[in-house]
Amino acid sequence: MKKTYRIEVDCGNCANKMEIAAGKVEGVASATVNFMTQKLIIEFHEDVQPSTVMEQVRKACKKVVSDCEIYI
Amino acid sequence: MTGKQKKMLLRILLATACMIPLFFLPLQGALKFLLYLIPYGIVGYDILWNALKGIRNGQIFDENFLMAVATLGALVLGITKTGDYMEAVAVMLFYQIGELFQSVAVGKSRRSIAALMDLHPDYANIEADGELKAVDPEEIAVGSIIVVQPGERIPIDGVVTEGQSTLDAAALTGESLPRSASIGDEVLSGCINLSGVLKVKTTKEFGESTVSRIMELVENASSHKSHSERFISKFARYYTPCVCISALLLAVLPPLVQLLIGKSAVWGDWLYRALTFLVISCPCALVISIPLTFFAGLGGASKAGILIKGSNYLEALSKAKTFVFDKTGTLTQGVFQVSGIYPTELSSSQLLEYAVLAESSSSHPISKSLQAAYSLPIDRSRVKNILEVSGKGIQAEVYGKVIHVGNSGLMEEFSIPYPEVTEASTIVHIAIDRTYAGYILISDKLKPGSKDAVKALKDHGVRQTILLSGDRQAVASAVGRQLNMDKSYGELLPGDKVQQVEQLLTLNQAKETLVFVGDGLNDAPVLSRADIGIAMGALGSDAAIEAADIVLMDDDPRKLPTALRLAKRCMGIVYQNIVFAIGIKLLCLLLGAIGIANMWLAIFADVGVMVLAVLNAIRALFIKQYDRKEEMKHDEH
């Protein structure tokens, strides 16, 4: 399952960091941050609840880039 | 500017205002230090705060942390040694100016490029009780009547049921000449209605309409990252830690070595040089400018009516060395025309008349082209006993004579001797009362831009152009010769085309790519097999938009060199930015290590590189088209 989320991030490098952090969250098969369109595209593993995974993704991203925002 | 950016600007101005009097006042000691802390705090408090948060989260290679260490270090050096605090504050100030510039410039270009690609209609008008009501286009069911007023964008694909107008399809096709639309015409969403009010019966749902499909494609495009983008992300991941470790080594090793060889350590000097390293440690210029270049390139392309499905395809296209073309509908118009009439005894018009009458009830493209060439009205009462011989032609009675019209197979079937014709077109033989009467040549016309396109591709470094066709070899060769193609292969079934392309792919050297260009109608397998599949004239054809990597919105082959040039230019800018940004950084590191570059220079270089890289990236947006200037001029007269 693939879902797209709107994000807010200021610098390109921060976007890269978010991408790496989000990709490591359990339940996430792959994560792509599109800095230019300010979007986070997450591919979830089967049988996971996107909303619970996304809470973790947000936490992980906030940890590496404190002033980022993900609109779930 | 957003609220966040305005606040930042205010802080920068305030800090600058504080610094000017400080620079001229003859202050000394602790008072001087404390006064300098004011602008430092104003402009840098968020950096310090974020640095603290970063440490708590274990992010030591965070830009905020590095800037905090660099400037705090410079302040400490000021207290212990130089007594100069200006540098630390200035570095922080310029860093913030750079960040602000980046955020404003990138945000602005991002929005303007996105707006360029944004064709989303916000509403659709429906008529209820004699009044127009604007509703969400998603709510419109198939078969509803929508009203499109002048100046509005058509929200959903449909057929005109009332009204007459001209449409501007520039946003879809890049073609600036308006086209007319009247009752019964199919209209595509995304076009702007220029003159009259149109009532349109929708034929698709909003989500299935052209404009929605294109938007979906465009929005996903920059998520397909190119090799260069991946390289930069990877580089950025290692660059910062590397610079930080070298900074640490620079601060510790040389003084120790000097101690060992019995000289004084000069800890302060080496610490200063290490701090200079930290100032240059942010990879921002690179990280920002490469995706921005691709984004601008994709934006510029879509402005020209070329949809590229991802940065990776843009990159691959720039390395294209082999272009393989489908013939019919791609390089030719796919419209057949009579190109010659060769009777044995009759006059040309008589021969044509017999052929047209015999074929009058057929809807085959060949009989249509015969009818198009025959300008007089057709009297069908003259034709009797029409018998179609499948795949070969027609037997009919015209003016009481038995007429055979068809290919050589038909002549053979009825044992009519016929001459061998070597012309490179479709040949229609005609026999009257079983006596050979002559033949008519029918050929497909080349598109006006085909020859220019092939030549321009060659000029841009394409090594090989190849024509594939299902048509007879003679026809394929003739078209290939006319267009100066390197090779032409005829008599290919769709499956054979895939095989040909696969064979060509094995011949290609690494890092060179093969492009297949088709009209997207029946070549989906080939489109997906080639390195890059380009579908042209794909407006409204879902299958083609799906199968191709690059979609040309109209069928002008001159868009191909435009796309190639754009891709090359875009990659050129990408490489310039990579080399330029990495080069300047390395130079600064070197100069900083040997003590020539101070912190001022480092921060100027850092911010300057970023500004230039961002401005350079925006250049990818502007492209010159191989357009129809000549024809336009002609029309104006």
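B:Val383 lies in strand 13 (residues 383-389) of chain B, where strands (E, at least two residues) and helices (H or I, at least four) are DSSP runs numbered from the N terminus. This is a predicted model, in which local features need pLDDT of at least 70, side-chain atom pairs count only at pLDDT 80 or more, and totals for chains, interfaces and linings use all residues. Residues are numbered from 1 along each chain as its sequence is written, while chains are lettered from A and ligands numbered from 1 in the order in which they are written.

**Surroundings of B:Val383**
- B:Val383 is buried because 20 other C-beta atoms lie within 10 Å; the term requires 20 or more such atoms around the residue's own C-beta, placed from the backbone, whereas 12 or fewer make a residue exposed and counts in between partly exposed.
- Leaving aside residues up to four places away in sequence, B:Val383 touches B:Leu357, B:Ala358, B:Ser360, B:Ala396, B:Glu397 and B:Val398 (contact: C-beta atoms, placed from the backbone, within 7 Å).
- The C-alpha atoms of B:Val383 and B:Lys327 are separated by 36 Å, and the two residues are 56 apart along the chain.

**Helix 11 of chain B**
- Helix 11 (residues 348-358) of chain B is mostly covered, with eight of its eleven residues buried.
- Among these buried residues are B:Leu357 and B:Ala358, both of which touch B:Val383.

**Domains of chain B**
- Chain B is divided into domain 1 (124-212) and domain 2 (333-446), with bounds from an automatic or database domain assignment.
- The centres of these two domains, taken over C-alpha atoms, are 43 Å apart.

Definitions and conventions
Two residues are in contact if their C-beta atoms, placed from the backbone, lie within 7 Å.
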